[in-house]
Amino acid sequence: MNFYLLSLIKTAIVVGIFMHVLAYLQWIERKVIAHVQLRVGPRRVGPHGLLQPLADVIKLITKEDILPSHVNKVFYFLAPFIAVTFALIAISVIPFGPIITVGGVRTAMQLTDLNIGVLFIFGISGLGVYGVALAGWASNNKYALMGGLRSSAQMISYELPMALALAAPLLILNTLSLREIANGQAGYYLGFIPRWSIFQMPFPQIFSFILFLIAGFAETNRVPFDLPEAENELVAGFHVEYASMKFASFFMAEYANMVTVSCIATLLFLGGWHPIFPEKYGSGLVPVAIFAATAVLCFFHAVNPARPFDRITLPVFGVLFLGLAGIFLVPPVQFILLPLFWFSAKVLIILFVFIWVRATLPRFRYDQLMRFAWTFMFPVALVNLFITALLVALFP
Amino acid sequence: MDALLFVIFAAIAVICGISLVVQTHPISSALSLVGVMGALAALYLLLGGEFIAAAQLVVYAGAIMVLFVFVIMLLNAGTEKKMTVRPLGKYLGAPFLLLFFGIIAYMIQKILPASSPVVFGAFQGGTPLEIGRSLFTVYLLPFEVTSVLILIAILGAIVLARKEVD
Amino acid sequence: MPLGPLPAAVPPSWYLTLSAILFALGVLGFLLRRNIITVFMSIELMLNAVNLSFITFSYVLKRNDGHIFSFFVMVVAAAEAAVGLAIILTVFKNRQTLEIDEVSSLKN
């Protein structure tokens, strides 16, 4: 097939799925935080609040888009545009699965495989700082400027431990291309331990993983590092002067950054799309088992439901989950769906950790945050890199 | 296709460069410089320098220019006062500049030995592997000295910019 | 430059001409602007033009030494930007101005 047509089709699929994931990530976050706090979360718009993201999008689009008179108009319009553009560009180098052949067309489950993929992601996240800094400055507002400067200083400070934490598994994997990084973690030790970076000899990269996740929390301005943009600090920080769609752009950029960080963590530390135990022990049946168990749970709760409308919605969900379990048993689509399932499962687990931490931890003060980066994270990342390099040189 | 990409990114670089010199507010100049660096990163990719292109985005556009933008925001540098340009400069300046560029372009064409056009992918020595190999074998001493240089720069910046302890 | 349809690929001398144009723009900014930060940014533009020159010649000569030089130029520019901006901050603290014409107490 023509290269450009194929790229266009793949881009359309990836962008469509990504936008839906961003919208429903907000639903997942609200539901999870609600259940952690012993309440229910959105439940009115659609069954279990599933149409809430649609309602939010409609609300944000139809809200009045205020342009305050005292802002610097060019940069006020440019800042959310920059933030969203760079946050969404990073998805173009992330591989979701192996090279597949669909209907005679051989293509990779990735938009483009750069052989400097990891450096590209760094460059894009470095450029994303401009969106935040310009937003704070263009708003012509003391609080927004302070929030914007603090937020961008935080993002830059944590880029350093993040890069050092990423350099350690790269020493073992010896490549910067994201597809080859994921492929370098195929295979199993002793027949059943997966060869992921966090288990990899000579030095299991667990510390790098934890450092990368902490730096990822700080890079995306999530709790506990979200002082520059929390609603009750600094009057919401750098996006205080922004109204409907531009405000939505900043939040879309934040969730897109979160998804990007989770995807990079999955690819570099958790083995990408490779299953946790080999195919011959039946890892192809894990998604079937999970979805079938969910369906059984739905049917079980549908018998005596907590709320009257659940008598109708829960069996419907049960049937849907059974259908999903059935699709994973069909051989012609298994080779596409199974890697996608493992990749998505790992990314969703990391996103759940993001949301779980938000519901649990209080936030750091700004000087505690910066001190943590420079006096703790940076030396620990250096020592980790040093030990990894030593062990890789001694036991090649 | 390579020619089209070159013309597009060269045009972006020149327009952003002119904007850097012409704009009155420093922050517009700073963002124009970021535009120049982005266009140059794309041109480095065309010339086969993929590591340098990534380093340009990460180091130059992503760190150095952010530092510039921070300082401009902190100092709250306002718009510059209009500079007085003598009429001789205003009316003869641009044509002379174009003539100068034309002469330079002609001389460059004459001096450079005949070489093949720049095709994306013709030069494979710019990968991180090759650069790393050179950097750690042939250019090891400059590499280590650069780390000392950066340490000196960090110390200097901290000493110069700290608050006076009364 | 040909005015007709473009060739399939451009010769390296076009890259060098672009480098010369950017360098000249940097010199113009350095000489004509009065805000000290803009002068500094023109210096960075000159350094970038030189980087482009290095990479072009590295392509012509088929060696990657130009890339290494360019990398060191970037590192030196980073160090210079850090110290230079610290100096600018100190000058601003003492003189409350960013115009280079007004920081002239050593003159005459």
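The following legends describe close-up views of a predicted model. Local features are given only at a pLDDT of at least 70 and side-chain atom pairs only at pLDDT 80 or more, while totals for chains, interfaces and linings use all residues. Residues are numbered from 1 along each chain as its sequence is written, and chains are lettered from A and ligands numbered from 1 in the order in which they are written.

**View 1. The contact between chain A and chain B.** The contact takes 16 residues from chain A and 14 residues from chain B; two residues are in contact if their C-beta atoms, placed from the backbone, lie within 7 Å. On the side of chain A that touches chain B, two or more residues come from each of α4 (117–127), α5 (129–138) and α6 (142–173) of chain A. Helices are DSSP runs (H or I, at least four residues), numbered from the N terminus. The most is given by α4(A), with six residues. This side of chain A has 12 nonpolar, four polar and no charged residues, where Ala, Val, Leu, Ile, Met, Phe, Trp, Tyr, Cys and Pro count as nonpolar, Asp, Glu, Lys and Arg as charged, and the others, Gly among them, as polar.

**View 2. Domain 1 and domain 2 of chain A.** Domain 1 covers 1–62 and domain 2 covers 66–98 + 109–271 + 374–394, the bounds being taken from an automatic or database domain assignment. The C-alpha centres of these two domains of chain A lie 21 Å apart. In the contact, 10 residues of domain 1 of chain A meet nine residues of domain 2 of chain A. On the domain 1 side, α1 (3–36) and α2 (52–62) of chain A each supply at least two residues, and α1(A) provides the largest share, eight residues. By class, this side has seven nonpolar, two polar and one charged.

**View 3. Domain 1 and domain 2 of chain B.** Chain B is divided into domain 1 (2–126) and domain 2 (127–166), with C-alpha centres 25 Å apart. Five residues from domain 1 of chain B and four residues from domain 2 of chain B form the contact. The domain 1 side has one nonpolar, three polar and one charged residues.

**View 4. Helix α3 of chain A and its covering.** Helix α3(A) (residues 73–89) has 17 residues, and its end C-alpha atoms are 25 Å apart, which agrees with the 24 Å that it should span at 1.5 Å a residue; the expected span is 1.5 Å times one less than the number of residues. Its buried residues include Phe75(A), Tyr76(A), Ala79(A) and Phe86(A). What covers the buried residues of α3(A) includes α4, α5 and α9 of chain A. A residue is buried if 20 or more other C-beta atoms lie within 10 Å of its own.

**View 5. The surroundings of Leu268(A).** Leu268(A) lies in helix α9 (residues 244–269) of chain A and counts as buried because it has 27 C-beta neighbours inside 10 Å. Leaving aside neighbours within four places in sequence, Leu268(A) is in contact with Leu166(A), Pro169(A), Ile181(A) and Ser197(A). The C-alpha atoms of Leu268(A) and Pro169(A) are separated by 7.2 Å, although these residues are 99 residues apart along the chain.

**View 6. The largest nonpolar core.** A nonpolar core is a set of buried Ala, Val, Leu, Ile, Met, Phe, Trp, Tyr and Cys residues joined through C-beta atoms within 7 Å. The largest has 165 residues, and those with the most contacts inside it are Ala133(A), Ala30(B), Leu43(B), Met65(B) and Val69(B). Helix α3 (residues 50–75) of chain B gives the most to this core, with 19 residues. Leaving aside neighbours within four places in sequence, Val69(B) is in contact with Ala133(A), Ile27(B) and Ala30(B).

Key. A residue is buried if 20 or more other C-beta atoms lie within 10 Å of its own, exposed if 12 or fewer, and partly exposed in between; C-beta atoms are placed from the backbone.
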